[in-house]
Amino acid sequence: MNIEQLLSDYKNGKISVEEHIGKTLEKIEDDKLNAYISIDHEGSIERAKELDKKLKSGKKLGKLFGLPIAVKDNISYKNMKMTCASKMLKDFRPLYNASVIENLLAEDAIIVAKTNMDEFAMGGRGKTSYFGPTKNPLDHQRVPGGSSSGSAVAVAQGDVLVALGTDTGGSVRCPASYCNIIGYKPSYSIMSRYGVVSMANTLDQVSLFAKNIEDLRRLADISASADPKDMTSNLEKYNYTFEDYDFSNKKIAYIKTDSSLYEGIEDAVKEDYKIALEALEKLGADLQPIDLNYAKYANPVYNVVMSSEVSSNMSRYDSVRYGYQADSYENVEDLFVKSRSEGLGEEVQRRIALGTMYLSANDDQKIYKKGLKIRTLIKEELEKIFEDYDLIITPTTTNLPPKMDEDIDDPLSDFKADGFNVIVNLSGMCGISVPVRSGISGSVQFIANRFEDNKLLNASEKFLRSINEN
């Protein structure tokens, strides 16, 4: 089943929207993996009935007519709570829709559920949610990846065809890899961030999950928009178009395996990466190894930039205007301290503390400023590579999904596997994680230059077709 087939079934009367949404809700409500925080049963059925009436009336149908979509719980939808998987916002209900949600609703989509996530999108495993960890559908003893854990699981276990997440440093591509589906992070500014809770403003981007590129492309084209309400939004809408990508004689760069980015890489990931490279060679690609001089600093640079922006963004949660409040306090300052201590989880507090340290005026923000300089060098190095190469291919992560109890005492474990992912966010470019084979396995990431998202999706589609045929 894909989106086109679902629309055809609606139009041909094989199933009504109400029937399909009802079945979808049954699956979601029977979820055993803790993939969801909120489910809009009544609202979804009511909207389905309205869409059935629209179909019978002969009116023009939207491009996502009757499509159930699950949305990460840091994206505002006024019909449902938005908790960011935090005790701080456990009862918060937004007053408006995010721009991406408005775009989906305008094309007759149905937002059926808000998905579980790492608290305030801070985590790479899916384990820091106030509402409990999410489990991997391929192996319930393993993590699904984060921070967009619930959205990845919703697609992987077949509850919905597509889902929305956000990606700050691999938060969609990592869970896509761990759950063996497709995860796409668009070029920075293609998707409006209005109505999306900021973790790190210069890194965040609404990103997408699907099981095939055709569905992903359709969802991306509708989600994307120029938005005057978002100062970081592109001035013109990006239009996604299909072209049959020919790998023949295309120069594809891969990073030499002696790069520090491969530190700790697992043998299974190496083998699956080798399978992908061999598939590209069969397609006629000209594979060439490259060196990256500055990318080895990507994880520490990401840690500095991200934490600094987290520190700034999280200051708004003061528990005075809204959010969780401690039961007893002596004054406003005491309210602030106690409420944040009780309302925010350990990982969130850790990143706030790190960011506050990096932004300290005592040393003239030396670490933060140095991080920004190296970030620029990483971006310029990648841009230079794309002057000679069409795409870069890397493993998505350096490991297979860990067991739930692995790295439990290592607060930096979330960062270790995402070195290939964070260079994409630091540079504002686009990246996509695609499976190499079924089951628990390594995925590969294609990276394209900024605003070459069409090339990225079209090349990925050709690659997946080749892999699946073999």
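Predicted model: local features only at pLDDT ≥ 70, side-chain atom pairs only at ≥ 80, totals over all residues.
Trainee: Is Lys 72 buried or exposed?

Mentor: Lys 72 is found in strand S2 (residues 68–72), and, not counting residues up to four places away in sequence, Lys 72 touches residues including Lys 114, Met 117, Ser 147 and Ser 171. Buried means under 20% relative accessible area. Because the relative accessible area of Lys 72 is 0%, Lys 72 is buried.

Trainee: What is the largest C-alpha distance among the residues that the UniProt annotation "active site" covers?

Mentor: That annotation, which comes from an unreviewed UniProt entry, covers Lys 72, Ser 147 and Ser 171. Although they are spread over 100 residues of sequence, they cluster in space, with a largest C-alpha distance of 11.1 Å.

Trainee: Where does Ser 171 lie?

Mentor: At 6% relative accessibility, Ser 171 counts as buried, and, leaving aside neighbours within four places in sequence, its contacts include Lys 72 and Ser 147. As for its place in the chain, Ser 171 lies in the loop between strand S4 (162–167) and helix H6 (173–179).

Trainee: Which members of the largest nonpolar core touch the most other members?

Mentor: Leaving aside neighbours within four places in sequence, Phe 463 is in contact with residues including Phe 247, Leu 280, Val 434 and Phe 446. Of the 140 residues in this core, those that touch the most other members are Ile 69, Phe 120 and Phe 463.

How values were computed:
Residues numbered from 1 in each chain as written. Heavy atoms only, no water. Core = buried A, V, L, I, M, F, W, Y, C linked by side-chain atoms within 4.5 Å. Buried < 20%, exposed > 50% of the residue type's maximum accessible area, 1.4 Å probe, protein only. Contact = heavy atoms within 4.5 Å. UniProt positions renumbered as here; feature names shortened; annotations may be inferred. Helix = DSSP H or I, 4+ residues; strand = E, 2+ residues; numbered from the N terminus.
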